[in-house]
Amino acid sequence: MLKELVGEWKVIGCQLHGKWLPSSIFQEFRYSFNDDDSFNLEWAELSFPMYVGGFPKCKTGAVVLNTSVTPKHIDLIPDEGQFLGQALQGIFELDHDVLKAIFSFPGTARPEVFQTKQGQVYEIWQRVK
């Protein structure tokens, strides 16, 4: 895990399928990136079934990074739920304590820019701890 990503993050902005979502949908979600290349998502069990909030629909999973490309790649691989074992392929940009990441749902190509289209979710996170 990239040491700069390790820690707890809160979602401060979320765009799904090209639309910005109201903060009431995502404001309580907390992601943690861990030294062992894993993630935790608090409150994932409260996610709506279709897509809103906590898009991995899973409390835990693996993180795969490739920082040798531009933009940098980040993939989340959930341990359970509708995307069990499937990579949510993404890109990310880290600016101190603000992390921008955009992910494609399985079956959709990896994003190339920080603007969603159908089948993608873009989240902006702020470091909490």
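Let's start at Glu-8. Leaving out residues up to four places away in sequence, Glu-8 touches Arg-30, Tyr-31, Ser-32, Glu-42, Gln-126, Arg-127, Val-128 and Lys-129. Glu-8 sits in strand β1, residues 7-16. Buried or exposed? Glu-8 is buried, at a relative accessible area of 14%. Keep in mind that this is a predicted model.

Now the overall layout. The chain has 1 helix and 9 strands. From the N terminus, the order is β-β-α-β-β-β-β-β-β-β. Of the 129 residues, 42% are buried. Take the contacts with a separation of 6 or more: 43% of them join residues 24 or more positions apart. The accessible surface is about 6,700 Å². Carbon and sulfur atoms hold 52% of that surface.

Next, strand β8, residues 98-104. Why call β8 largely enclosed by the rest of the structure? Because 5 of its 7 residues are buried. On one pairing, β8 meets β7, residues 88-95, antiparallel, over 6 bridges. Asp-95 stands opposite Val-98 of β8. The two strands make a hairpin, with 2 residues between them. Look at His-96 in that turn: its phi is positive, about 60°. β8 also pairs with β9, residues 120-127. That pairing is antiparallel too, with 7 bridges. Within it, Lys-100 has Ile-124 of β9 as its bridge partner.

On to the core. The largest nonpolar core has 24 residues. Which of them touch the most other members? Val-11, Phe-33, Leu-76, Leu-99, Phe-103 and Trp-125. At least two core residues come from each of β1, β3 (30-33), β4 (38-42), β6, β7, β8 and β9. β1 gives the most, with 4 residues. Now pick out Trp-125. Not counting residues up to four places away, Trp-125 touches Trp-9, Lys-10, Val-11, Ile-12, Tyr-31, Phe-33, Asp-97, Val-98, Leu-99, Ala-101 and Phe-103.

Now charges. Side chains of opposite charge can pair when their charged atoms come close. How many salt bridges does a search of the whole structure find? It finds 3 salt bridges.

Arg-110 with Asp-75: the side chains meet at 2.7 Å, N to O. This pair links distant parts of the chain, 35 residues apart. Arg-110 is in the loop between β8 and β9, and Asp-75 is in β6. Asp-75 counts as buried, at 11% relative accessibility.

Lys-100 with Glu-93: here the closest N and O atoms are 3.3 Å apart. Lys-100 is partly exposed, at 23% relative accessibility. Glu-93 is partly exposed as well, with a relative accessible area of 40%.

Arg-127 with Asp-97: the closest N and O atoms are 2.8 Å apart. Arg-127 is partly exposed, at 22% relative accessibility. Asp-97 is partly exposed at 40%. Both residues have come up already: Arg-127 is among the contacts of Glu-8, and Asp-97 is among those of Trp-125.

Last stop, Lys-72. Lys-72 is in strand β6, residues 72-78. At 36% relative accessibility, Lys-72 counts as partly exposed. What does Lys-72 contact, leaving aside neighbours within four places in sequence? Asn-66, Thr-67, Gly-90, Ile-91 and Phe-92. Take Ile-91. Lys-72 and Ile-91 are 19 residues apart along the chain, with 5.4 Å between their C-alpha atoms.

How values were computed. Residues numbered from 1 in each chain as written. Predicted model: local features only at pLDDT ≥ 70, side-chain atom pairs only at ≥ 80, totals over all residues. Heavy atoms only, no water. Buried < 20%, exposed > 50% of the residue type's maximum accessible area, 1.4 Å probe, protein only. Contact = heavy atoms within 4.5 Å. Areas by Shrake-Rupley, 256 points an atom, 1.4 Å probe, with all protein chains shown as cover. Pairing = 2+ DSSP bridges. Core = buried A, V, L, I, M, F, W, Y, C linked by side-chain atoms within 4.5 Å. Salt bridge = Lys/Arg side-chain N within 4 Å of Asp/Glu carboxyl O.
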